[in-house]
Amino acid sequence: MRYDVVIIGAGVSGIAAGIRLAHFGKKTLILERHYRVGGLNSFYRAGGYDLDVGLHAITNYDEKWPKSAPMARLLRRLRIRKEELGLFPQRSSRIAFPGVNIDFTNNYKTFVANASAIFKGQERGLLKLALMAEELYRDGYRTDITSAREVLSGVITEPLLVEMILCPLMYYGNPEEDDMDYAQFALMFKSIFIEGFARPRQGVRPILDLLVRRFEQGGGRLRLRSGVKRVQVENGSVAGVILDDGERIECDVILSSAGLLETVMICPESKPADMDIKPGRMSFAESISILDRPAAEMGVESTIIFYNDSEKLVYRKSEEPVDVRSGVICVPGNFLYDEPIKNDMIRFTNIANPDYWENVDDAEYEAMKELWRNKALDVAGDLLADSFNLRELMERMVFTDTFTPRTLHRFTGHINGAVYGSPVKIRDGRTAVDNLYICGTDQGFLGIIGAMIGGVEMANYGFGAGVAG
Amino acid sequence: MTGEGIRQAIIEIIKEIVPDEDLSGIDPEKPLRDQIDLDSMDFLDIVMELRKKYRVEVQEKDYGELATMNSTINYLLPKMESL
């Protein structure tokens, strides 16, 4: 059996690319090593509960659904109606630094009003940032400006506000340490502050089911438990793949969503000669706790809280097993659903050190997870004491599961469990091998919506032009 | 296929691509883009569907022919008559 296209990895970007290729009439096969689809946005079952791996919220949610907005354009390409996603908007989220909270909603005006009430004279700068983000989205990706911090400090004159703006954007999609690529910053700024957060009531699974259904209806084939061991190259071009069990599959084109370095590992010929590819260093530890009652009843009003315990955000690989100084708390029950969610829960995310968690002794692993989780909650509890009583909330937790960079590496194949991939991004997906393209995280499109946009763009780029010409 | 058949085929394709648009009152002489919200990628999708469903090739230099419903039908008629 010969395929037009083989897609490596059934993450969101891979499946989205597959749907699009099916539209183009290409015979497409998706190969996934894991027994489940979703990749970095998958789900799992623990303690009898369905838990999402990556999803806190879906970004780019624009209540008015303007047709030119990223979400609307994307759904159109996938021929998915917005109702099919079943999204519900957030209530309101909080950026909490010592003594200063900024609450924001899916209306950018709220953010501007709340931030400029605290930081006098910053209103113009905040409005300008929004204009700049819209401009970048309209005019396309640019590589001439690289430092988000530099741009920000030219527009916002309060250093603390700069840190507070960066906190959610870095946590939700920065593969770099300390600073952030300006284009990435602007896209994230638009997708989080100007557009906003939403979530399907049952989490990520219905969206994955919808994508897979659409792909298979279009004639695509998906194989789980089918890892690719080697990409075969003949005369500088793709010839096929060899699976973990030795099976060989021939194809004309490969889209790899495995990651850039991860792709080079299964296809050394694909490494661009002049490129020094570093693995990503940013990974996270995350705890999900099931609550015996809604968090809102315990005084947690926010949908998502981004916190930092000092005036300067340190966003870099943690020296300690877990960097407890900053983090994200997500309350899936605090989206504005039509009916309450099945299980009330709360998620805690912190930067973690991949080396430590990869190498920690098996016998100590569980105890260390609990130790560091408690350390993180101590810091968060003190910092957020004016918002709610975290210690009281902890007594309402009936089940907790924690995953670390080790878990992320094992199930997604991403080196270091680097959820945002390598700091080196290849926007056009090209590699040194003809007809082998990168798609997904290392193409620079992050988050569920970003991943889908990346997959669609890659399919359009590789094959849309072919159809046209 | 007749001109009317081609018109229906085009409407079916546009419906698949932009299911939320109302296509009942399209003026065949006016540009499609002025009447329904189609971007350049949508036009690419129309071309792609024509190829997939009817094995009709629309060359890139001819994209302008797809401006109005009538110009589209006139352009496609010689290619689709025999279907």
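Where is A:Asn416 found? Select A:Asn416 to start: it is in the loop between helix H14 (405-412) and strand S18 (436-438) of chain A. Helices (H or I, at least four residues) and strands (E, at least two) are DSSP runs, numbered from the N terminus.

This is a predicted model, in which local features need pLDDT of at least 70, side-chain atom pairs count only at pLDDT 80 or more, and totals for chains, interfaces and linings use all residues. Residues are numbered from 1 along each chain as its sequence is written, while chains are lettered from A and ligands numbered from 1 in the order in which they are written.

**Stop 1: the loop residue**

Stay on A:Asn416. Its phi is near 65 degrees, a positive value in a residue other than glycine. Is A:Asn416 buried or exposed? A:Asn416 counts as buried because it has 24 C-beta neighbours inside 10 Å. (Buried asks for 20 or more other C-beta atoms within 10 Å of the residue's own, exposed for 12 or fewer, and partly exposed lies in between; C-beta atoms are placed from the backbone.)

**Stop 2: the seven-strand sheet**

Now select the strands S7-S6-S14-S15-S16-S13-S17 of chain A. In that order they form an open sheet with mixed pairing. Two strands pair if DSSP finds at least two bridges between them. Strand S7 (100-104) and strand S17 (397-403) of chain A are the edges, each pairing on one side only. On average, neighbouring strands of this sheet are turned by 20 degrees against each other, direction ignored.

Zoom in on strand S14 (residues 304-308) and strand S15 (residues 322-330) of chain A. Five bridges pair them in the antiparallel sense. Click A:Ile305: its bridge partner in S15(A) is A:Ile329.

H12 lies across several strands, including S14, S15 and S17 of chain A, and runs at about 70 degrees to S15(A). (Axes are lines fitted to C-alpha atoms, for helices over the stretch in contact, and angles run from 0 to 180 degrees between N-to-C directions.)

**Stop 3: two hairpins**

Select strand S10 (residues 228-234) and strand S11 (residues 237-243) of chain A. They run antiparallel, joined by six bridges. A:Arg230 stands opposite A:Ile242 in S11(A). The hairpin has two residues between the strands, and A:Asn235 takes a positive phi near 50 degrees.

S11(A) and S12(A) pair in the antiparallel sense over three bridges. In S12(A), A:Arg248 is the bridge partner of A:Ile242. Four residues separate the strands of this hairpin, and A:Gly246 in the turn has a positive phi of about 95 degrees.

**Stop 4: over to chain B**

Select helix H4 (residues 69-80) of chain B. Here B:Met69, B:Thr72 and B:Leu76 are buried. Seen down the axis of H4(B), the buried residues fall within an arc of 60 degrees, so they line one face of the helix. (The arc is that of the directions from the helix axis to the C-beta atoms.) Their cover includes helix H1 (3-17) and helix H2 (32-35) of chain B.

Then click B:Arg55, in the loop between helix H3 (40-54) and H4 of chain B. B:Arg55 counts as exposed because it has 10 C-beta neighbours inside 10 Å.

**Last stop: where the chains meet**

Show both chains. 12 residues of chain A are in contact (C-beta atoms, placed from the backbone, within 7 Å) with 12 residues of chain B. H15(A) gives the most to chain A's side, with three residues.

Technical notes: Contact = placed C-beta atoms within 7 Å.
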